[in-house]
There are 2 protein chains.
Amino acid sequence: MDSPPDVFIGLKDRFEGVTVDGREEKVDKSKFEEKLRKSLEWWTSNKNRAIWFRVYKEQADWVPILAASGFDFHHARTGMVVMYRWLPTHESSNLPNYAHTLLGVGGLVINDKDEVLVVSDRYAMIPNSWKLPGGYVEPRENLIDAAIREVEEETGIRTTFRSVVCLRHAHGGIFGCSDIYMVIALKPINLDFTRCEREIARLQWMPIAEYLQHPQVHETNRQFVHTFLDYQKRGLVLTCRNQVHQVLKREYNLYFVDGDTQAVDDGLKL
Amino acid sequence: MDSPPDVFIGLKDRFEGVTVDGREEKVDKSKFEEKLRKSLEWWTSNKNRAIWFRVYKEQADWVPILAASGFDFHHARTGMVVMYRWLPTHESSNLPNYAHTLLGVGGLVINDKDEVLVVSDRYAMIPNSWKLPGGYVEPRENLIDAAIREVEEETGIRTTFRSVVCLRHAHGGIFGCSDIYMVIALKPINLDFTRCEREIARLQWMPIAEYLQHPQVHETNRQFVHTFLDYQKRGLVLTCRNQVHQVLKREYNLYFVDGDTQAVDDGLKL
């Protein structure tokens with residue numbers, strides 16, 4: 001059934017939901033309230049379920065009107081907020097939450113002299129502590145690319161992938177999010193570092209033996225090195241394979257322990 | 001230096017930022033604009049950097065005023081939107097993005113008869129395909145707990161942890177987010193399933209040999225089983241250890257290949 005002429009058209013989804021994009025269907029504030037009222041009547045009679053509004057910054061005056069019409073916030077990013085209302089009264093909503101996990105990476109860079117690349121952040125949570133270079137993964141960025149990029153940005157050291165080491169998952173981080181931090185072992189291409197003055201207070205190549213007992217290296221960071229040394233000894237590589245989904249034709253990366261034990265790179269001398 | 005009496009107090013952070021929480025400092029719409037103007041003057045003269053406003057649903061009329069005063073959206077969740085403005089003019093903003101990665105889990109449940117628990121979703125992306133039971137991780141939930149919960153909700157099968165199998169990372173999912181999907185091998189406690197009618201169209205115990213060549217099982221899902229069988233053969237366990245950070249006293253889970261090869265549970269008979 002076609003919608004009447006004076007209601008929002010929106011985009012239908014496979015869950016009987018409708019998404020209205022504020023840039024696709026622009027309306028002045030003076031006419032927004034009336035059009036919204038008529039649209040809600042139509043969607044209710046049409047048995048639509050979730051109604052979503054993408055509201056752009058320049059339409060911020062839609063927000064109080066939507067809130068007064070039973071809409072709530074769902075998620076937002078620079079330039080846009082998404083509000084939603086669940087219409088069915090006989091069925092509870094099971095709409096998925098938005099993302100609530102920040103993604104970070106640390107690069108475990110060890111050179112041929114068995115030294116590990118360590119940094120001390122300018123705005124560190126624990127002042128003066130030594131940690132691995134790293135940072136947040138950018139939207140649509142792959143984890144290994146992020147580790148290589150962060151190491152180069154912070155230290156000027158270019159690297160190649162060796163193995164994933166481990167994954168740390170914790171709750172109660174910034175913005176009330178949880179976070180996942182993946183430690184990735186990398187092999188350096190160059191050895192002379194250039195410090196990023198904006199973010200990094202100090203950096204150095206620290207002998208592994210010193211790192212493993214340094215009072216300013218915290219237990220969790222020591223464990224990352226112990227774990228990687230254990231993988232080296234056992235010939236294990238936690239690898240990454242880029243593939244394309246057979247049906248959805250969507251690219252993805254798969255991280256798993258490589259079945260080919262010959263894939264191990266040259267071991268450390270320790 | 002103390003703030004003047006007619007400006008927002010907010011909470012200072014270690015980056016010279018200020019966060020104003022709408023429920024801590026309530027102001028009528030009529031007085032909000034003037035107080036915001038005075039606060040921005042104060043924060044600018046005080047060399048504050050990022051200014052954050054947590055605006056609750058009942059204060060939605062603050063949103064157009066903030067937008068008109070140079071604030072943009074940062075993130076939102078049910079009940080609340082967060083807007084920000086970067087004040088320094090001589091320094092570009094490097095504020096972190098909000099979370100942009102959805103977190104899901106799949107449970108690879110194999111019984112003593114070498115059968116794998118498979119489901120067909122009611123609202124499947126690929127209709128009639130067989131996949132592993134699973135779903136989104138809830139806020140503050142651990143990955144293994146999420147896999148055990150989803151398997152039980154969808155199938156009624158209670159399980160215990162065996163090993164992480166792999167991690168899949170892809171971009172361009174719902175809400176424009178990327179997603180991480182962790183496959184976790186689980187051991188069933190009971191064998192009689194109870195289907196969740198709301199989410200699951202069909203479910204069954206499928207012999208592994210049939211699963212590995214079934215036309216409605218897609219390549220990626222077959223690989224999860226191949227990978228786990230390989231770990232079993234090699235005695236590998238990708239384990240999870242719950243720890244507490246030495247200094248921050250924050251709990252976290254560490255996922256890594258267990259160094260103790262004796263930790264492997266009874267192997268499959270295949």
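## Salt bridges and polar contacts

Two salt bridges are counted between chain A and chain B, a salt bridge being a side-chain nitrogen of Lys or Arg within 4 Å of a carboxyl oxygen of Asp or Glu. One salt bridge pairs Arg250(B) with Asp179(A), with 2.9 Å between the closest N and O atoms. The model is predicted: local features need pLDDT of at least 70 and side-chain atom pairs count only at pLDDT 80 or more, whereas totals for chains, interfaces and linings use all residues. Residues are numbered from 1 along each chain as its sequence is written, chains are lettered from A in the order in which they are written, and side-chain values use heavy atoms, without hydrogens and water.

Between chain A and chain B, 31 residue pairs are in polar contact, both residues being at pLDDT 80 or more. A polar contact is a pair of N or O atoms within 3.5 Å; within protein, one must be able to donate a hydrogen and the other to accept it, and residues adjacent in sequence count only if both atoms are side-chain atoms. Helix 5 (residues 219-234) of chain A contributes nine residues to the side of chain A that touches chain B, the most of any element. By class, that side of chain A has 47 nonpolar, 27 polar and 21 charged residues.

## Extent of the interface

Chain A has 95 residues in contact with 93 residues of chain B, contact meaning heavy atoms within 4.5 Å. The area buried between the two chains is about 7,900 Å², and carbon and sulfur atoms give 58% of it; buried area is the accessible area (1.4 Å probe) lost on putting two parts together, summed over both. Phe73(A), His169(A) and Phe175(A) supply 9% of the area that chain A buries against chain B, more than any other three residues.

## Strand pairing between chains

Strand 13 (residues 251-257) of chain A runs antiparallel to strand 9 (residues 159-170) of chain B, and four bridges join them. Strands are DSSP runs (E, at least two residues), and helices are runs of H or I with at least four; two strands pair if DSSP finds at least two bridges between them. Tyr255(A) stands opposite Leu167(B).

## Within chain A

An open sheet of five strands in chain A has the order 1-2-3-5-4, with mixed pairing. Its edge strands, strand 1 (11-12) and strand 4 (72-77), each pair on one side only. Strand 2 (residues 18-21) and strand 3 (residues 50-56) of chain A pair in the parallel sense over four bridges, and Asp21(A) has Arg54(A) as its bridge partner.

UniProt, in an unreviewed entry, lists residues 100-230 of chain A as "domain: Nudix hydrolase". This span is 22% helix and 38% strand, and its end C-alpha atoms lie 32 Å apart.

How values were computed
Ala, Val, Leu, Ile, Met, Phe, Trp, Tyr, Cys and Pro count as nonpolar, Asp, Glu, Lys and Arg as charged, and the others, Gly among them, as polar. UniProt positions are given in the numbering used here, feature names are shortened, and annotations may be inferred rather than shown by experiment.
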